[in-house]
Amino acid sequence: MTSTFLPDRRTGPGTAPPPPPAGAARARTRRRVTHWLTAVGFQLPALVLFLVLVVLPILFALYAAFFRWGGFGMPSDYVGTENFTRLFDDPVFLGDLWRCLLLVVLSLALQLPFALAMAVLLNQRMRGRAVYRMLFFAPYVLSEAITGVLFGMIFAPGDGLADRVLGGVGLDGLGGEWFADPSMVMATLFLVMTWKYFGFHMMLYLAGLQSIPRELTEAALIDGAGPWQRFRNVTLPLLAPTLRISVFLSVIGAIQLFDLVWVVTQGGPDHHSETMAVTMFQFGFKRYQVGYASAISVVMFGISLVFALAYQRFVLRRDLQGATTTMRGDGK
Amino acid sequence: MGDPALSRRGFLAASAAAGLGMTALSGCGGDSDEGSSGITTVEWWNISTTQPTKDVWAALAKKFEAQNPKVKIKIVQLENDAYKSKMTALIASGKLPDIFHTWGGGVLRQQVDAGLVEDLTDRTKEWADGLLPVAKEPYLLDGRLYGIPFDSGMVGFWYNKALFERAGVSTPPTTWNGFLDTVEALKAKNITPIALAGKEKWPGMYYWAYLAMRVGGAEAVQKAAEDKDFTGPAFVRAGQLLKELAGLQPFQKGFLGAAYSDPNGQAAAVGNGKAAMELMGQWAPVVEADAGKGLGDDLGFFPFPAVEGGKGSLTEVFGGANGHALRRDAPQAAVDFLRFFASEATDRELVTKTGVLPVVTAAESALTDPNLTAVQKQLKAATGFQLYLDQAYAPAVGQEVNDSVAALVAGSKSPEQVAESITKTAKEEQ
């Protein structure tokens, strides 16, 4: 899916269609109708599935968010906006929002620059480049659940690999309670997230870097540009479309983070690593307060929707325009 | 895209659908089988994922199939928490497995109120009367029986005799102050006094519930549930006492992140001799030996100590049992299986092989383990009974109890705030 956003200079927007011959207007209309019917025919199954499995649940969640509803039968106890006012009074949910913001900021400030640095490094000619690329990408292939179990063991206080290794090199002081310490749990979680996801972003950047024509860098070199100048003025601007999409994926990922947290801490200790999705799960599937849980999901939906639309409108516009015009060109 | 609520929902819907699909498919299988050869497939959902129980149960199912050639038992085993989540999805779908694990109480009541559970009062009358009354208690709702126990039990302290001895504690404490002294004595010898699974929250609730029972008596706890008011002095005092205990830092390193049955969890800490005791139900020895090495003869049991000046007595027990319920309109084969499972022969086998407590009086002689015998004696002499709070109450209230007591132990809620937030949730749930 992401690859469609990536600028691919080799294929480009395709060759322009030949000018239509005069007097073929009627044939063209008929062809257009046939085209349209074919398109509808092909899309109908997907559309029905999309309506039933995606659109309807969204609308239903929106509806249920205005009820006190335990999940049995149909919602009947209408409470107006009470679920939403309760939500924004709940310190846990407000904490979720704060932690979400924290993860977004940390991802953008640390994880993505790190991924970029690794990508630039592994874009150089060097021995064993493919091996490194594969190694760094490998964590992304692992499922979130396995990652969670794995790091739960690594960071087990006292007995875990992390503490043992630190103890072994005489740094016992650095060891700690990791996921069990309310003040350290987010940092530990972010560490695991970075381990898991930087390889993915690195791969995106590598793909972007490979599509930058070498002539440009060479030209800059001939003009006397140093390594930093070449990176700053040639590589970075040409990598911008990739960076934009990577930021987008990273933010959306932070908003909907669930599996990793659920497996490692279940949101604990004492809600210090809880995310919106975890809170929603707690209320919907443990407390059976499905109306309230729907309100949480509606807010999550709203946040992602606003972010996604704003980001596409203001940041991704340039990148997407190419894509849409290309498609329209093909449709003629 | 860009819709996490949706993808999550989609995922859950998909997994629920997958579960349903499986049920539907197996249902089809059963139906078609019935058409050709008259075989009924009974689906049996349980949480016995640990050994030796897992194998013993599978063998029992085979035995039942041998005795009833026209019945096939299909076992679906899920880990405790996964089971609860999965049941939620199934309940929303309106169809439960033929036989499913239950703890009785508020969760069962909710399922009963939704019309999903079979009333067993009449269908099991001729044999269920012979079961131990205290074991049946959790499944009796308004005088009707909705579940059959295969286990009975209570919560108490399981301790390491060797570690207690090393700390100079020769007899287990019977009073709360004596208990605190024991904790101090263990700490003085650099022994972790108590293992607690802070990540899972329910083990912490046991302390608060027992303390409330010891301070106010079992009746006060029952009454609070009826009045939906947990702000009484018994609960606030319970919170204060628990806070005092937590202040001594008696728990293992990193207990806030510890699970119960993990290799690094609460049971393993006691089973491997790294912590001196845990407050846990009758299944504790089995899990200690499964997740850790197990303590063998070093393992001892003592009831939750009495609180000085409290109204509750040592003979009031907190706990509950495990049982099975049937979905509404379950086939007769499922009832037959429950009868088979609660028969004297099966019960004796369960008692000797899987470490549960007998539910049939005749099977009591099979109990040889001194600790479990002590538990059984306590249970039979019980003058009051309180089911686990997170099972006795409606799910939202039960979870709020677990959650706010966990916050109390972690130091972010005061005893008063705990009592208030539980009361608030209880009142909202009407």
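A residue counts as buried if 20 or more other C-beta atoms lie within 10 Å of its own, as exposed if 12 or fewer do, and as partly exposed in between, with the C-beta atoms placed from the backbone. The model is a predicted one, so local features need pLDDT of at least 70 and side-chain atom pairs count only at pLDDT 80 or more, while totals for chains, interfaces and linings use all residues. Residues are numbered from 1 along each chain as its sequence is written, and chains are lettered from A and ligands numbered from 1 in the order in which they are written.

To stay with B:Asn190 for a moment, its place is in the loop between α8 (176-188) and β8 (192-194) of chain B. Helices (H or I, at least four residues) and strands (E, at least two) are DSSP runs, numbered from the N terminus. The phi of B:Asn190 is near 65°, a positive value in a residue other than glycine. Most residues other than glycine have a negative phi, and most peptide bonds are trans.

Chain B as a whole has 19 helices and 13 strands. Its radius of gyration (taken over C-alpha atoms) is 22 Å, close to the 22 Å that the globule rule (2.2 Å times the number of residues to the power 0.38) gives for 430 residues, so chain B is as compact as a globular protein of that length. Taken along the principal axes, the box filled by the C-alpha atoms of chain B is roughly 70 × 55 × 40 Å. Of the 430 residues in chain B, 51% are buried. Two residues are in contact if their C-beta atoms, placed from the backbone, lie within 7 Å. Among the contacts in chain B with a separation of 6 or more, 73% come from residues 24 or more positions apart.

Chain B splits into domain 1 (16-149 + 322-356) and domain 2 (156-319 + 387-428), with bounds that come from an automatic or database domain assignment. The centres of the two domains, taken over C-alpha atoms, sit 30 Å apart. Where the domains meet, ten residues of domain 1 are in contact with twelve residues of domain 2. The domain 1 side of this meeting place is made of three nonpolar, seven polar and no charged residues. Here Ala, Val, Leu, Ile, Met, Phe, Trp, Tyr, Cys and Pro count as nonpolar, Asp, Glu, Lys and Arg as charged, and the others, Gly among them, as polar.

Chain B also holds an open sheet of five strands, in the order β2-β1-β3-β12-β6 and with mixed pairing. Two strands pair if DSSP finds at least two bridges between them. At the edges are β2 (71-77) and β6 (148-149) of chain B, each of which pairs on one side only. Inside the sheet, β1 (residues 40-46) and β3 (residues 99-102) of chain B run parallel and are joined over two bridges, with B:Trp44 standing opposite B:Ile99 in β3(B). Helix α2 (residues 53-67) of chain B packs on the sheet, touching β1 and β2 of chain B, and its direction makes about 165° with that of β2(B). For that angle, axes are lines fitted to C-alpha atoms, for helices over the stretch in contact, and angles run from 0 to 180 degrees between N-to-C directions.

B:Asn80 belongs to helix α3 (residues 80-93) of chain B. B:Asn80 is partly exposed, with 14 other C-beta atoms within 10 Å.

Next comes the place where the chains meet: 37 residues of chain A are in contact with 30 residues of chain B. On the chain A side, α1 (25-64), α9 (227-255), α11 (276-286) and α12 (290-314) each supply at least two residues. The largest share, seven residues, comes from α12(A). Sorted by type, the chain A side has 23 nonpolar, nine polar and five charged residues.

One of those helices, α11(A), is largely enclosed by the rest of the structure, because eleven of its eleven residues are buried. Among them are A:Met276, A:Phe281 and A:Lys286. In the loop between α10 (259-264) and α11 of chain A lies A:Pro269, which a cis peptide bond with omega of about -5° joins to A:Gly268. In the loop between α11 and α12 of chain A lies A:Tyr288, whose phi is near 60°, a positive value in a residue other than glycine. A:Tyr288 is buried, with 24 other C-beta atoms within 10 Å.
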